[in-house]
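Here are my notes on the model you sent. Please read them with the structure open.

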Amino acid sequence: MAQIVYVLCGLTGILCAGLLFRRYRSSRTPLLFWSTWSFACLALTNILLFIDFVVFPTVDLSIARSLLMLVGMFMLIYGLIRQRN
């Protein structure tokens, strides 16, 4: 059951990133640009989670997942700060 949740979370993140990018192309709003990349990083985090726990259970990818999630959050925070100024 957990494997299905990992896959669905990854697909949802990819879908959100795709929808944000489509909207960014039409409006060129910087916040949408940074949100797109943030969701892309979060989707990759979920894909790495699936790879870590299901495909290669003996390999620890927690540091890579954490760094990718941190990069995604910093992108969103940067976009929010940039939007404010």
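1. First, a term: the expected span of a helix is 1.5 Å times one less than its number of residues. The model is predicted. Helix H1 covers residues 2–27, 26 residues in all. From first C-alpha to last, H1 reaches 37 Å, close to the expected 38 Å.

2. Which residues of H1 are buried? They are Tyr6, Gly10, Gly13, Ala17, Leu20 and Tyr24. These buried residues pack against helix H2, residues 30–55.

3. Arg28 follows the helix, and its phi is positive, near 55°.

4. H2 also has its span on record here: 26 residues, reaching 36 Å from first C-alpha to last. That is close to the 38 Å expected at 1.5 Å a residue.

5. The buried residues of H2 include Leu32, Trp34, Cys41, Leu49 and Asp52. Ser35, Thr36, Ser38, Ala43 and Thr45 are also among them. The cover over the buried residues of H2 includes H1 and helix H3, residues 62–84.

6. How many disulfides does the whole structure hold? A search finds zero. A disulfide needs two cysteine sulfur atoms within 2.5 Å. The closest cysteine sulfur to that of Cys16 is in Cys9, 11 Å away, so the gap is too far for a bond. Cys41 is in no disulfide either; its nearest cysteine sulfur, that of Cys16, is 14 Å away.

7. Is each of these cysteines buried or partly exposed? Cys16 counts as partly exposed because its relative accessibility is 28%. Cys41 counts as buried, at 8% relative accessibility.

Note on methods
Residues numbered from 1 in each chain as written. Predicted model: local features only at pLDDT ≥ 70, side-chain atom pairs only at ≥ 80, totals over all residues. Heavy atoms only, no water. Helix = DSSP H or I, 4+ residues; strand = E, 2+ residues; numbered from the N terminus. Buried < 20%, exposed > 50% of the residue type's maximum accessible area, 1.4 Å probe, protein only. Contact = heavy atoms within 4.5 Å.
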